[in-house]
Amino acid sequence: MEWEIVIGLEVHVQLSTKSKLFSGASTRFGAPPNTQACAIDLAMPGTLPVPNEEAFRYATMFGLAMNAEIGRRSVFERKNYFYPDLPKGYQTTQLAEPIVGSGEIEIHLEDGSSKKVRLHHAHLEEDAGKSLHEAVFESGHGMSGIDLNRAGTPLIEIVSEPDMRSAAEAVAYLKKIHSIVTYLGISDGDMSQGSLRCDANVSVRLKGEQKLGTRTELKNINSFRFVERAIKVEAERQIDILEDGGSIVQETRLYDSDKNETRSMRSKEVANDYRYFPCPDLLPVILDDDYVEQLRSALPELPDAKAARFQSDYKLSAYDADLLTQERASADFFETVAKQSGEPKLAANWIGGELAALLNREELSIGESPVSAEQLAGLIARVVDNTISSKIAKQVFEAMAMGEGDADQVIEKRGLKQVSDTGSIEKMVDEVIAASGAQVENYRNADESKRPKMMGYFVGQIMKASKGQANPQMINKILKEKLDALL
Amino acid sequence: MAVDSQTVEKLAELARIAISAETIDEVSNRLGDVLQLVDQLQAVHTEGVAPMAHPLDEVQVLRADQVTEADRREEFLQLAPQSEAGLYLVPKVID
């Protein structure tokens, strides 16, 4: 039996506003507990929420980037449930009239193919606080601690249609959302701090079947890697049950990354009944056409447009262009190197090669790169003008990464300048030929078709003698002339 | 029309309200009266009428994105039955 996995994602993105969605408390991450929870966030009697205009601006920008309809009228509703990290006893959110309606984005898969994923809608809502269950207290009273600093932080919840068919597609979609929100600058997208969180609705069905299978909802998957693993392991679990003749229970499950398994969340077993109703404290928010059009015209260049431009302006492959534009910081880095060095292809190779390896090794983001874009452009310029060979360039790069200055300084200080003057190369060639009697004899006696290959030995010796600094094109040319003269 | 007792129990659980077994009948009758009123409203012909989000025909005013609230943690923690290390304490919550 061949099974098909069907996935829809709900992505929560924290908007990087300074203050909360309905209060003037700060949203800064990492403050001491409850120092950024004001009377409104705590649901003190007599308080009234006032929405943050920046949150609406950000949500509108997101909707425009997703080619979605913008709700000119959006209405907040109360979603009622009880949990200690939700002081009001309801979450203020949107349901019937969200700010962002249906839309569509294209995702790019590793095999080079693309696919459209439809957006069901996206809405504005407030985040909840945090419950600390661990032993954070000295006394062993066994109670939970509540930190409400996060309560009221603006979120957009982005709900996709069930259009994804593999864990890899879900990851590509999530990366695309991440890419768009960070390009727009509406969120820092930091998954480790919870700025971007993902729930996945997963079901399986036999290939060719039209009807959707019973789905489970996987909660709180907090890294790209876990999204892939959680979906895979949950799909396998469902397939095993169905192949054994069982049936899937619709429920919320938690992914345990240590055990790589999903398990039922018993506390959510009571069927959800949120009894939504329009929030009487808030009036409908109206956005007019001028407002929306002004934001549309001010949108920055987005990843797909940038990738297309990189292909046409810099003649990059679709693969390179995609890779470089996933993050705005790497796209900007590339563009600086490409423009300053005038060598886009080399710039792409260096960024995807040596620089990526360095950043991986040091666990740094491209924004924290020890080698700046200007420095890398300077290095590439020295390869292009034959001051150094590409082999020596790697050595210079490592030295720049260690903070030894820019390319010219390293080349000067370490004496790495490529030897390109004919006299000294001729001298080295003569010395190697004189010291390699047997190899010269073999070369002379060899068939002409074999000779080019046999030159490798001499080139290696000369390179060694020059500590890698002799210009390889010149060695080849002079060596061939000298060897052929002996024939 | 009375609301059946199972529905009353479910609503009580969702609202975290304790209703004793003796009062369930009374509550279900009173809720039934409210629903009768709703039935009257349901009978009104509303085709083509947009749902009303708010009784006032006004538009929400938004505020500028500025931090205007100072830290008043110590005052607020005083109001809670129990607190420790800057956290509000509640009975253990586990998922």
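UniProt positions are given in the numbering used here, feature names are shortened, and annotations may be inferred rather than shown by experiment. With that in mind, I looked up chain A: the unreviewed UniProt entry puts "domain: Asn/Gln amidotransferase" at residues 332-483.

**Ground rules.** I'm working on a predicted model, where local features need pLDDT of at least 70, side-chain atom pairs count only at pLDDT 80 or more, and totals for chains, interfaces and linings use all residues. Residues are numbered from 1 along each chain as its sequence is written, while chains are lettered from A and ligands numbered from 1 in the order in which they are written.

**Confidence.** I noted ipTM 0.85 and pTM 0.83 for the model. pLDDT is the predictor's confidence in each residue, from 0 to 100. Chain B averages 89, and 97% of its residues score at least 70.

**Chain A.** I found 15 helices and 15 strands here; helices (H or I, at least four residues) and strands (E, at least two) are DSSP runs, numbered from the N terminus. The annotated span, 332-483, is 73% helix and 0% strand, with its end C-alpha atoms 49 Å apart. Chain A is split into domain 1 (3-293), domain 2 (301-414) and domain 3 (422-485), with bounds that come from an automatic or database domain assignment. The C-alpha centres of domain 2 and domain 3 of chain A lie 34 Å apart. Their contact takes 4 residues from each of the two domains (in contact means C-beta atoms, placed from the backbone, within 7 Å).

The C-alpha atoms of chain A fill a box of roughly 100 × 55 × 55 Å along the principal axes. The radius of gyration of chain A is 30 Å, whereas a compact globule of 487 residues would have one near 23 Å. That radius is taken over C-alpha atoms, and the globule rule is 2.2 Å times the number of residues to the power 0.38.

**Chain B.** I read the pattern α-α-α-β-β along the sequence, that is, 3 helices and 2 strands. The C-alpha trace of chain B spans about 55 × 45 × 25 Å along its principal axes.

**Where the chains meet.** I looked up the contact: 32 residues of chain B touch 45 residues of chain A. On the chain B side, helix H3 (73-79) and strand S2 (87-90) are the elements giving two or more residues. S2(B) gives the largest share, 4 residues. By class, that side of chain B has 17 nonpolar, 5 polar and 10 charged residues. Ala, Val, Leu, Ile, Met, Phe, Trp, Tyr, Cys and Pro count as nonpolar, Asp, Glu, Lys and Arg as charged, and the others, Gly among them, as polar.

I traced an open sheet of 4 strands, ordered S7(A)-S8(A)-S2(B)-S1(B), with antiparallel pairing. S7 (130-132) of chain A and S1 (83-84) of chain B stand at the edges with a single partner strand each, so one side of each has no neighbour in the sheet. Strands count as paired if DSSP finds at least two bridges between them. S8 (residues 144-147) of chain A pairs with S2(B) over 3 bridges, and S7(A) pairs with S8(A) over 3 bridges. A:Ile146 faces B:Tyr88 in S2(B), and A:Ser131 stands opposite A:Ile146.
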